Amino acid sequence: MKFEPEKPPLTGETLDSLTLRLKEQGEPAFRARQILEWIYKKRARSWDDMSNLPKSLRAWLADTFDLSPATLVLGKQSLDITDKLLLELRDQSLIETVIIRAPQDGVGLEHSRKTICISTQVGCAMACAFCASGLAGLKRDLSAGEIVAQLLQVCYREDARTQRARSELASFDNIVVMGMGEPLANYDALIRALTILNAEWGLGFGARRITVSTSGLVPKILKLADVPLGFRLAISLHGATDEVRDRIMPVNKAYPLEKLIPAIRAFSENHGRMVTLEFILIEDVNDALDQAVKLSEIARDLHAHVNLIPYNSVEGLPWKRPSLARQERFVRILEEARVSVTLRREKGHDIDAACGQLRLKTERDRAAVS
Ligand code: SF4
C-alpha cells in the first residue's frame, strides 16, 4: 500500500537520482551535491534558504519536490527524558519518532547515550498481540523520503533544544528501525532510506550504528543477509518456543523457529555481526523459567545478545509487566548460561512510549471530534 503525493519528497532522492533529474533539466551535476548539502548539512527549511542556487533552479525544485513531507504536530518530553515526536504526513497520517536519552553514571544530560527510534509504516499488519501499532492494522508503507524526513525532524528538535545552530546527527549513538511498522515488509523504501542516512552526501550516519529490527520475515532476513550494507539486525523474538510465539506473534505461523533460526544464523555468518534478540517480558506469557532456559539455548547457539524489555502496558490490552523479582530471576538464568544479556528499563512510561500508543491516542481523539 503506497501513497502517491502530489510531489515526491526531496529527502527520498539519492545523489545519483537527483543528478539524473538535474541533468534532464540541463543543470550541471555539481548542483545535486549543493542541494543535498543544503538539506542535510545546512538544514535549509525553505527553497529560498538555498542562496547559492540560481532563482530559476530554486523555482524548478519548488515545483518538482516536496521539501517537508513530515510536520511536527506534537513533541512530548517525559520525566525520564525520552522525547516522542508525533509527525503528520501529507495525507494526514500520523507516525511516531522517539529520542531516548540514557544518562550515564556521573555525567550530565549532554553526555547521555542517545538513540533515535524511527518508523517505516503507518500502522502495522503484523498484529502482534501486545502492540499498540498493530491494533488498527496497516494503513500504508512510508516512502524512503518520509523515513528520512523523521531524522531531519529530530535534527531540528535537537538544534532547538541545545540552542546550537546545527547539532550533528552523529552526536547520536544509535538509530534503531524499531518504531511503528515491520521494516522488512517495506524493504525497498527501507534500503533506500538507510542508504541516504548512511551516505556522506546524506546524513553521514555510520552503518554499524544502525539497527534494523524485524518480527521475523524469514525471506527478507535472507535477502538482507546477502546485502553488503553493514547494518545491524535485531529480531523481535518475544517467545523462545513456537507455542509462545504462536500465541502473541501471528508471523510465527508462517515462519516458525525452525525457519527463523537458520535465517538469523545466515545473516550473522555473512555479516560477522552479533545479532540481538529482543524479548519483551510479559507476565504469565513468556516470563517462566522454561522460557529463560530455552532462550539461553537459542542465544548461545546463535552467539546472540539478548535484550530483555519489561512490558509497557497498552490501554485496551490485558498484558502486564512481570514483577521486578521475576524479571531479575529471568536475567539470572541467562547470565548463569553465560549469555550476553541486558535488562532494559523502559523509557517514557509517562508519554505513551510503547510503540504506537501516542499515535493511537491522537487518532482516537481526532475521530471523537470529527
Ligand atoms: S511489535 Fe512491531 S511488528 Fe509487531 S505489530 Fe508492533 S510494530 Fe508491528
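**Packing, burial and the ligand shell**

Author: Helix 9 (residues 257-271) packs against helix 10 (residues 289-302) at an angle of about 35°, and their axes are 10 Å apart. Axes here are lines fitted to C-alpha atoms over the stretch in contact, with angles between N-to-C directions running from 0 to 180 degrees. Helices are DSSP runs (H or I, at least four residues) and strands are runs of E (at least two), numbered from the N terminus. The model is predicted: local features need pLDDT of at least 70 and side-chain atom pairs 80 or more, whereas totals for chains, interfaces and linings use all residues. Residues are numbered from 1 along each chain as its sequence is written, and side-chain values use heavy atoms, without hydrogens and water.

Reader: What is the handedness of the crossing of helix 9 and helix 10?

Author: Helix 9 passes helix 10 in a right-handed crossing.

Reader: Which residues make the contact between helix 9 and helix 10?

Author: Ile261, Ile264, Arg265 and Ser268 of helix 9 meet Ile298, Asp301 and Leu302 of helix 10, contact being heavy atoms within 4.5 Å. By class, four of these residues are nonpolar, one is polar and two are charged. The nonpolar class is Ala, Val, Leu, Ile, Met, Phe, Trp, Tyr, Cys and Pro, the charged class Asp, Glu, Lys and Arg, and the others, Gly among them, are polar.

Reader: Why is Thr115 called buried?

Author: Its relative accessible area is 17%, so Thr115 is buried. Thr115 lies in strand 4 (residues 113-117). With residues up to four places away in sequence set aside, Thr115 touches Val98, Ile99, Ile100, Phe172, Asn174 and Val176.

Reader: How do you know that Val251 counts as buried?

Author: Val251 has 8% relative accessibility and therefore counts as buried. Val251 belongs to helix 8 (residues 251-254) and touches, outside the four places on either side in sequence, Met126, Ser215, Gly216, Leu217 and Arg245. Val251 and Leu217 are 34 residues apart along the chain, with 7.4 Å between their C-alpha atoms.

Reader: What makes Trp60 and Phe65 an edge-to-face aromatic pair?

Author: Their ring centres are 6.0 Å apart and the planes stand at 90°. Rings of Phe, Tyr and Trp (its six-membered ring) pair if their centres lie within 6.5 Å; planes over 60 degrees apart are edge-to-face, under 30 stacked, and the rest tilted. Trp60 and Phe65 are both buried, and the count of aromatic pairs comes to two.

Reader: What covers the buried residues of helix 1?

Author: The cover includes helix 2 (30-40), helix 3 (55-64) and helix 5 (187-198). The buried residues of helix 1 (residues 15-24) are Leu15, Ser17, Leu18, Thr19 and Leu22.

Reader: Which residues come nearest to the ligand?

Author: Cys124, Met126, Cys128, Cys131 and Gly181 come nearest, out of 10 residues around the ligand. A residue is near if one of its heavy atoms lies within 4 Å. The shell holds six nonpolar, four polar and no charged residues.

Terms used: Buried means under 20% relative accessible area, exposed over 50%, partly exposed in between (1.4 Å probe, protein chains only). A crossing is left-handed if the near helix is turned anticlockwise from the far one by less than a right angle, and right-handed if clockwise.
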